[in-house]
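Hi,

Here's the structure I promised to pass along. Have a look at it first, and my notes on the salt bridges follow below.

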Amino acid sequence: MNDNSLQRENERLKEIIKDKDRVIDSIKNENDAIKSSLIWKLSGPIREIGPAIKSITEKKTKNNQKIDGNISFSVVMPVYNVNIKWLKIAMNSVLEQNYSKVELILVDDCSTDAKLIGFLKKINHKQIKVLFNEKNEGISETTNKGVNAASGEYICLMDNDDELAEDTFRILDEYISQNGGDVIYSDQDIIDESGNCSNVLCKPDWSPDLLTSQMYIGHLLVVKKSLYVEIGGERKIYDGSQDYDLMLRLSRATRNIKHISHVLYHWRALESSTAVNPNSKPYSQTAGLRCIQDYFDNSNEKEAIVYESDNLFCYDVRYPNHNKKASIIIPTKDHKSDLETIIISIKEKTTYKNYEIIILNNNTTDSDTLDYFTQLEKDPIISVVDASFEFNWSKLNNYGTKYANGDVYVFLNNDTEIISEDWLERLVENAIRDEVGVVGALLLFPDGKIQHAGVVVGMGGWADHVYANAEPIHIGTPYISPMVTRNVTAVTGACMAISKDKFDKLGGFDEEFIVCGSDIELCIRAIENGYRNIYSPYIKLYHYESKTRSANDIPQIDFEKSYIAYAKYREDGDPYYNKQLDNNSKIPKWLGNTSLESNATVNVTNYEIPEIRQASFRKEVVEKKRLNLVIPSINAEHVFGGIATALSFFNEVCKRYDFDRRIILLDASPDKEAIEKYSEEYKILNCDADRVSDADIVDYVDRQSKSISISENDYFIFTIWYSFYIFAAAYRKFVKQDGFLPNKMIYLIQDYEPGFYKWSSRYMLAESTYMSEFDTIAIFNSNELKNYMIDRYHFYKSYVFDPILNEGLKKELNSLADEVKKKKIILVYGRPTTERNAFELNVAILKRWALLQEDADEWKILSAGEKHDDIEIGGNKIISVGKMTISEYATTLKESYAGLSLMVSPHPSYPPLEMAVFGVKVLTNEYANKNMNYFSENIISGNLGDLDSMAEQLHTITQNYTEYGKLDKSNESYINGKEMFPFISDLLNDL
């Protein structure tokens, strides 16, 4: 460029700048004019909203940013001639997830729908890969092709017309990051064409025997890609049940199978789908049968044979019995007709021939029964053994095994009757399987309804029979059908089988249980020792329910032992049930997802709170003061723990004062056994009747549109939050209808019940009972709970009773001298799956302690409570001993020098108290108002917020080790306490 050209370019740029200056000046002038105008002044308030709108918009944008997460997922979706509408919805349910590390792989299996092919070819999205088969390969090969193209660490299998729940991948990421897992599955429901959800299926945790009975895993199924590839993926020969075959082979390759107890998958109900019409793919039935048989053919149970059942997609697996001998053990007393019924039914209906019957005569006095024994002894396969000691169900059955010659023990009630002819061979063939502990049966009431279809431990706060009083029919929602073989935590001792070698290994029934609970405890012990328990609906009997024994009170020791045995399940739930199901309802009821939301519409009929069904009152004139106990039930199966304590308290008050008495039942009508027990002392009425006697029991279970009579002289005792809630609500209505106010209410508070629930409706309702406007006398079962509560809530007055030492431990303690020889043992209360016991903090403290303690390698660290892997800690290790018998526990307490027991709760847990009296110097933690130092000089309460300080305190204990330790028997009321409710006289003055 020459000089002239440069000059011209320079002049041109100057003109451009002048033009820009003129434009800027013009804009400034216009801006000044606008600001001085009336419109500008009037619009000032509106303009002030602008920054707020901008802030909200930016916040919304920020919240919509996708989470990166730790784990990458590939959703593999085979596509074939699907309606584009459903495919788009399925795709969007993946792409709209608030999680970034997700890819969607669509693999078309040579669809013939030109519009669909055109739609797929136009897809251009960074999260989507689209592949096309040149010919129709079938669903297995198509899925495998998608997996091969996947880059994610985990594969999610999804149908082309279904939906994922919102936040699925965030939840998967959080769960896997915390818990690991090679295979993960979730709960599911069915979604219709309008987006309405129904038929939720709340699944149990990993259940191998259920899987060989039914493909319960379903959706969502998530698999590590490396494992999927390792086993060869899906197999074309099982198309139709390809996921079933895949899951069976995965279970052979890994036991690291996890379950997320939330609905993460909505299975679309279309006419072509098995979700709505199982007959739409009949080939799946036979494919399922073949893949299960293949699974067994390639396992260590090669002799198993799989059959179809009466229900579609459900299967019946039979195992070899090897003609093992069964010993049927039947305790009995009197009641010839009952015993005759079961004996005749065994002899006439049982097709399995290699068995013996051992009848345990527990103090029979009836002459007809004694004559029948003589007759039975003529039969070479029947023995009558005298068991001339006080009734103890556990001891009786253990005693019976001493006379048994069989390979399998079958414990059977005398009030049962055989229905299925092959009942015994099924019990035997399952009991002798290597991995099986205890086997149970389907028991029916005489009217044909279910009495037992497996036990859920923790149900109702204790343990109960799921599906009790339901019809024995196949249903698929909201829980596994009662007509399918499945794994369970426990079965009833009315009919249970276990092989002799496993029974001996487990140590038999715990004879510290007297009437009930030891059957459940044995099942729990079997699981803790690595076995799994089975319920089979094909083993059918009638159960006529406890006719032989009179309905004596269940001993306190049974409550205490059961409370300890069931604690883990009460707090964490039964793994073979589901946390989304109402644990207070025997008939499975879905509570709804507690932490998830979905774009789909949910059927709100599932959101009832059955506990708070309303009560209503009518006036009655009763001249004398009447004490009323409002409880759920008086049936023996429910009278544990809190209910038992309430009954004991009620009876003790009535002994001290001449009240009229009334027990009001809210949840369960009295059964035959309860009627026999109470009918001599009480008149049993329905709620329509007014006072009949000075001691009535009123069945108020069916209270729909019904009232119960009350008088101005009525006083009420409540112990469960909803009993207080519904009566307080009824009083509020009653007062408005010209009724009268209640007298002082007595509230027996045995735990902080809102803590039983997550932040929820029930939490709010339970807590509201501590804030009633009516005068309430609160009675607490520990000073710590009392202090925690009265700091937060106001009561008219409060009393307290404290824990006492377990009877078995008391006996052991009182047999010891004041000093015992101690070893270098640290006893840890170790329950990794119970968060309130802070197991991780135990480990952290011990690791720090090991660095401080010069002779750390000389100390043995025992973790008791729950079986877990041993844990290395700096040259030493925490050795898990799991759950101990009372005798084993007492021996360990006697020998241990130091203890570590943590509890994140205002309640004092039992182990620190037990350790202290046995001379163990135990380190525990403070919580809120709780500090247990006052209880014994052997207890040191530390601050869990300072783990170094906790470790130093433990170090101080172990540094001062001496060979002999002094027992602390100073707390007489704890060790030998006899009067449980010492405040009753003062309470009566309040009334």
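To start with something you can check by eye: how many residues apart in helix α24 are K810 and E807? This is a predicted model, by the way.

The two sit 3 residues apart in α24 (residues 807–814), which puts about one helical turn between them. K810 counts as buried, at 16% relative accessibility, while E807 comes out as partly exposed at 39%.

Next, have a look at K824 and D855. The closest N and O atoms of this salt bridge are 2.7 Å apart. K824 belongs to strand β36 (residues 823–830) and D855 to the loop between α25 (839–852) and β37 (860–865), so the pair ties together parts that are 31 residues apart in sequence. K824 is partly exposed, with 23% relative accessibility, and D855 is buried, with 18%.

Then there's E301 with R433, whose side chains form a salt bridge at 2.8 Å, N to O. E301 is in the loop between α11 (283–297) and β10 (305–308), and R433 is in the loop between α15 (423–431) and β17 (436–444), so here the parts tied together are 132 residues apart in sequence. R433 counts as buried, at 6% relative accessibility. Both E301 and R433 also belong to a network of salt bridges that links them with D209, R255, E435 and R532.

If you want to go through the rest, the structure holds 48 salt bridges.

Cheers

Note on methods. Residues are numbered from 1 along each chain as its sequence is written. This is a predicted model: local features need pLDDT of at least 70, side-chain atom pairs count only at pLDDT 80 or more; totals for chains, interfaces and linings use all residues. Side-chain values use heavy atoms; hydrogens and water are left out. A salt bridge is a side-chain nitrogen of Lys or Arg within 4 Å of a carboxyl oxygen of Asp or Glu. Helices (H or I, at least four residues) and strands (E, at least two) are DSSP runs, numbered from the N terminus. Buried means under 20% relative accessible area, exposed over 50%, partly exposed in between (1.4 Å probe, protein chains only).
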